[in-house]
Amino acid sequence: MSDFDLTTIYFILSESMGGWLWGFVTLALLLLAAIVAGIMTLRMNGTTARRPLVAALVAGLVTTIIFTFLVPIWTLAGAGALAAPIDVVFAALFALVPGGVVGSAVFAIMAFASTRRVAAIA
């Protein structure tokens, strides 16, 4: 385990994901930039982040719940793959990935939409 560093993690991810790795890295960086830009625009307009955060949490939670039951299909497992509680826990952990993507996108969309609404009112 002493050789387990970022280079090793990169090669493990590169070998297991192939060409999809750079697409996912790009998507993660775009979503992070969208979240930061959304927070910055909310602060500049003096509006709270409550509505975008609640909408993002609800959308991410619903997506995570839906994908928890779709993980066996997604990972090509059998129909009885969610038999034990630990299987459901790991399926929920896998489902956090699309849930996080949807939650991040909803936050960014709601943040920019709420600032446009404030600008239209003023």
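**Contacts, burial and ring pairs**

Tutor: Leaving out residues up to four places away in sequence, threonine 41 touches Phe112 and Thr115. Threonine 41 lies in helix α2. Keep in mind that this is a predicted model.

Student: What makes threonine 41 count as buried?

Tutor: Buried means under 20% relative accessible area. Threonine 41 has 18% relative accessibility, so it counts as buried.

Student: And how confident is the predictor, in terms of mean pLDDT?

Tutor: The protein chain has a mean pLDDT of 87, with 93% of its residues at 70 or more. Helix α1 (residues 6–17) has the lowest confidence, at a mean of 84, and helix α3 (residues 50–74) the highest, at 93.

Student: Stay in α2 for a moment. How do you know whether leucine 42 is buried or exposed?

Tutor: Leucine 42, also found in helix α2, has a relative accessible area of 2%. The limit for buried is under 20%, so leucine 42 is buried.

Student: Which residues is leucine 42 in contact with, leaving aside its neighbours within four places in sequence?

Tutor: Thr47, Thr48, Ala49, Pro52, Phe107, Ala111, Ser114 and Thr115. Take serine 114: its C-alpha atom is 8.1 Å from that of leucine 42, though the two residues are 72 apart along the chain.

Student: On to helix α3. Why is threonine 63 called buried?

Tutor: Threonine 63 lies in helix α3, and its relative accessible area is 13%. Beyond four places in sequence, threonine 63 touches Pro98, Gly99 and Val102.

Student: What about alanine 56: buried or exposed?

Tutor: Buried, because its relative accessible area is 10%. Alanine 56 is in helix α3 too, and its contacts, leaving aside neighbours within four places in sequence, are Gly103, Val106 and Phe107.

Student: Now the rings. How many aromatic pairs does the structure hold?

Tutor: Four. One of them joins tyrosine 10 and phenylalanine 11, with ring centres 5.1 Å apart and planes at 65°.

Student: Why is the pair of tyrosine 10 and phenylalanine 11 called edge-to-face?

Tutor: Two checks. Centres have to lie within 6.5 Å for a pair, and planes over 60 degrees apart count as edge-to-face. At 5.1 Å and 65°, tyrosine 10 and phenylalanine 11 pass both, so edge-to-face it is.

Student: Then what makes the pair of tyrosine 10 and tryptophan 22 tilted?

Tutor: The centres are 6.0 Å apart and the planes are at 45°, so this pair is tilted. Stacked needs under 30 degrees and edge-to-face over 60, and the rest is tilted. Tyrosine 10 lies in helix α1 and tryptophan 22 in helix α2 (residues 20–45), so the pair ties together parts 12 residues apart in sequence. Tyr10, Phe11 and Trp22 form one aromatic cluster.

Student: How do you know that tyrosine 10 and tryptophan 22 are partly exposed?

Tutor: Partly exposed sits between the under 20% of buried and the over 50% of exposed. Tyrosine 10 is at 34% relative accessibility, so it counts as partly exposed. Tryptophan 22, at 49%, is partly exposed as well.

Student: Why are α1 and α2 called roughly perpendicular?

Tutor: They pack at an angle of about 115°, with their axes 8 Å apart. The range for roughly perpendicular is 65 to 115 degrees, and α1 and α2 are therefore roughly perpendicular to each other. In the contact, Tyr10, Leu13, Ser14 and Met17 of α1 meet Trp20, Leu21, Trp22 and Phe24 of α2. By class that comes to seven nonpolar residues, one polar and no charged.

Student: Last one: what makes leucine 76 count as exposed?

Tutor: Exposed is over 50%, and leucine 76 has 77% relative accessibility, so it counts as exposed. Leucine 76 lies in the loop between α3 and α4 (85–121). It also has a positive phi of about 60°, although it is not a glycine. Most residues other than glycine have a negative phi.

Conventions:
Residues are numbered from 1 along each chain as its sequence is written. This is a predicted model: local features need pLDDT of at least 70, side-chain atom pairs count only at pLDDT 80 or more; totals for chains, interfaces and linings use all residues. Side-chain values use heavy atoms; hydrogens and water are left out. pLDDT is the predictor's confidence in each residue, from 0 to 100. Helices (H or I, at least four residues) and strands (E, at least two) are DSSP runs, numbered from the N terminus. Buried means under 20% relative accessible area, exposed over 50%, partly exposed in between (1.4 Å probe, protein chains only). Contact means heavy atoms within 4.5 Å. Axes are lines fitted to C-alpha atoms, for helices over the stretch in contact, and angles run from 0 to 180 degrees between N-to-C directions. Angles under 35 degrees count as roughly parallel, over 145 as roughly antiparallel, 65 to 115 as roughly perpendicular and the rest as oblique. Ala, Val, Leu, Ile, Met, Phe, Trp, Tyr, Cys and Pro count as nonpolar, Asp, Glu, Lys and Arg as charged, and the others, Gly among them, as polar.
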